[in-house]
Amino acid sequence: MPDEIHLHTLTSDVDADAVTVSLDSVLELLEPEDEFEIVLNTVCRRIVSTFPGAAMAGVTVLRATGPVTAAATSDDVAALEELQYRFGEGPALDAMRSREPVRADRAAAYDRWPAYAASSEPVGVHSYLSVPLPCPEQPAALNLYGLLPHAFHRMDESVLELYVEAASVAVRNARRYGEARNLIEQLRIALRSRSVIDQAKGIVMALRGLDAETAFDVLVTRSQRENVKLRVVAERVVAAVSARTTVHNGL
C-alpha cells in the first residue's frame, strides 16, 4: 500500500517541524493562484479592446466539480456562462466537448441551445465565438460575446490563436500549482499521522519486545489485513492503551 510505504519513510528521525517549515517555503515559491486569474482577465480585456465585434469575453474551465468561469470582463459574462452550466448547453461547453471552435449567431443559438438562448436573450447577445484551449489535461474555452449580428468571422478564429495560447499557459500553470498544493497538503497530513504511528509502534515494541522496523511491519500487516489506513490502526492501538484495555487484533 503506497500510503503505508510513504508513512514509513516519515517515521524516521526526520524533524517534523522542520519539514513543515520547508514545505511552507516551497509553497511560497509556487506561482500564486490569483496570478492565474489576473492573466486570464487581462487576456479577456485585451480581446475586447482588440476585436471590434467582441463586447464581452470570458474563460470557462472544466474542473472536477464541473465547469466554472475563471475570468470574465463583466457580470453579464458570468451570468451567461452560469446559464450554460445550468442547462448543460451552450457555446463554451460545446467547444470544450468537441475541441473545435464554435461560432453562432442568435438564430443558430436557438437551434443548437434553445433553453440557453431563450434564457440569455435579455442580455442582448447576438453573436457567439468559443475557442477551446489546447490543454488536454484541463478542458477550457475562451468565449467571446457580441451584441451585433454576425460579429465574428472565421478570420477571427485565426487571430485569436495568440490569445488562446496565452490563456492556455495560464490554465496549465494553475493546474500544476493546484497539484503541487494538493501534494504538499498530503505531506502535511502524513506528518500529522506520524506522531500517532510512532506511539503505536512504541507500544508494539514494548508489548512484543520487537525492534522498531519489525513493530512497524506488524502495524502495516494489520492495516492491510483489515483494509484500513495505517493511521487508523495506530489510533486504535493508542486508544486501547490509553483506556487501559487489552490491545486486540493480535497485537
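**Confidence and salt bridges**

Guide: The protein averages a pLDDT of 79, and 73% of the residues score at least 70; pLDDT is the predictor's confidence in each residue, from 0 to 100. This is a predicted model, where local features need pLDDT of at least 70, side-chain atom pairs count only at pLDDT 80 or more, and totals for chains, interfaces and linings use all residues. Residues are numbered from 1 along each chain as its sequence is written, and side-chain values use heavy atoms, with hydrogens and water left out.

Visitor: Which helix has the lowest mean pLDDT among the elements of the protein?

Guide: Helices are DSSP runs (H or I, at least four residues), numbered from the N terminus. The highest mean, 96, belongs to helix H4 (residues 75–87). The lowest, 42, belongs to helix H1 (residues 2–10).

Visitor: How many contacts beyond four places in sequence does the model have for residues 1–14?

Guide: Over residues 1–14, pLDDT stays under 50. Where pLDDT is low, the predicted coordinates should not be read in detail. A contact means heavy atoms within 4.5 Å. For residues 1–14 the model has, beyond four places in sequence, this number of contacts: 32.

Visitor: How many salt bridges does a search of the whole structure find?

Guide: Side chains of opposite charge can pair when their charged atoms come close. The criterion is a side-chain nitrogen of Lys or Arg within 4 Å of a carboxyl oxygen of Asp or Glu. The whole-structure search gives 7.

Visitor: What separates the closest N and O atoms of Arg97 and Asp94?

Guide: Both residues sit in helix H5 (residues 91–98), 3 residues apart, so about one helical turn separates them. Arg97 is exposed, at a relative accessible area of 55%; buried means under 20%, exposed over 50%, partly exposed in between (1.4 Å probe, protein chains only). The salt bridge has its closest N and O atoms apart by 3.7 Å.

Visitor: Is Arg222 buried or exposed?

Guide: Arg222 forms a salt bridge with Glu226 at 3.8 Å, N to O. Both lie in helix H10 (residues 212–226), 4 residues apart. Glu226 is partly exposed at 25% relative accessibility. Arg222, at 14%, is buried.

Visitor: What is the N to O distance between Arg231 and Glu235?

Guide: Helix H11 (residues 230–242) holds both, 4 residues apart, about one turn. Arg231 is partly exposed at 29%, and Glu235 is partly exposed at 35%. Their salt bridge spans, N to O, 3.2 Å.

Visitor: Which residues do salt bridges with shared partners join into one network?

Guide: Arg97 and Asp94 form a salt bridge. Shared partners make one network of Asp94, Arg97 and Arg112.

Notes. Helix = DSSP H or I, 4+ residues; strand = E, 2+ residues; numbered from the N terminus.
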